[in-house]
Amino acid sequence: IVAEALEIEPGTSIKLKGILHDQTGEGMASDVFIVVEDGTGKIIEEIGKETDEILEIPIAYNEPPSEWKVNLTSSGLLSEEIIKIKVKEEIKTELINDTLFLTNMGNVPYTRILLVKINNNTLNINASLPVGGVEAYVLTAPDGEYNIRVSDGSSTSELGSTFLTGRAISLEGVSSI
């Protein structure tokens, strides 16, 4: 079994193929039977292919970290490979009018303190989102236009500017969707 990578990022694809060599090391054309099981043992793919023909299996963006098993059978030979689905911690930030939306786009719960900058003022959000979870926060500030940025400590998202109203600079969680 030849795999493009043995550790796969969720939201990409597993790419693999079966190869056979004779005793001299020359490639042999043959049929191969491939079985792919996810981390729970569920069969994801069972397929017959020719040697050197690539099998591509898309991995969902929120596929949990796990070890997938690939078995290949050909001409009485059996080969097994383990493919690891990596941990992916990712948050998507989106500003719509005066509301900041946080969406967990990773494959593990997202628990971090986020810094929200409204112009030069910094507020904290203790984000705790399950996989696929969404939280919404209403931003307020004295009437005017403000630049909004969100940082997780390692990267910053520039969300642009929006018009805010209110008495003080603040944010209030309105929902977990």
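Two residues are in contact when heavy atoms lie within 4.5 Å.

## About the model

Welcome to this predicted model, in which local features need pLDDT of at least 70, side-chain atom pairs count only at pLDDT 80 or more, and totals for chains, interfaces and linings use all residues. Residues are numbered from 1 along each chain as its sequence is written, and side-chain values use heavy atoms, leaving out hydrogens and water.

## Overall shape

The protein has 0 helices and 16 strands; helices (H or I, at least four residues) and strands (E, at least two) are DSSP runs, numbered from the N terminus. Its radius of gyration is 24 Å, well over the 16 Å from the globule rule for 177 residues, so the protein is more spread out than a compact globule. That radius is taken over C-alpha atoms, and the rule is 2.2 Å times the number of residues to the power 0.38. Along the principal axes, the C-alpha atoms fill a box of roughly 80 × 30 × 20 Å.

Strands pair if DSSP finds at least two bridges between them. Strand 11 (residues 110-118) and strand 14 (residues 144-151) are joined by 4 bridges, and Leu115 has Ser151 in strand 14 as its bridge partner.

## Meet Gly160

Gly160 sits in strand 15 (residues 156-164). Beyond its neighbours within four places in sequence, Gly160 is in contact with Tyr146, Asn147 and Ile148. Glu94 is 66 residues from Gly160 in sequence, with 9.8 Å between their C-alpha atoms.
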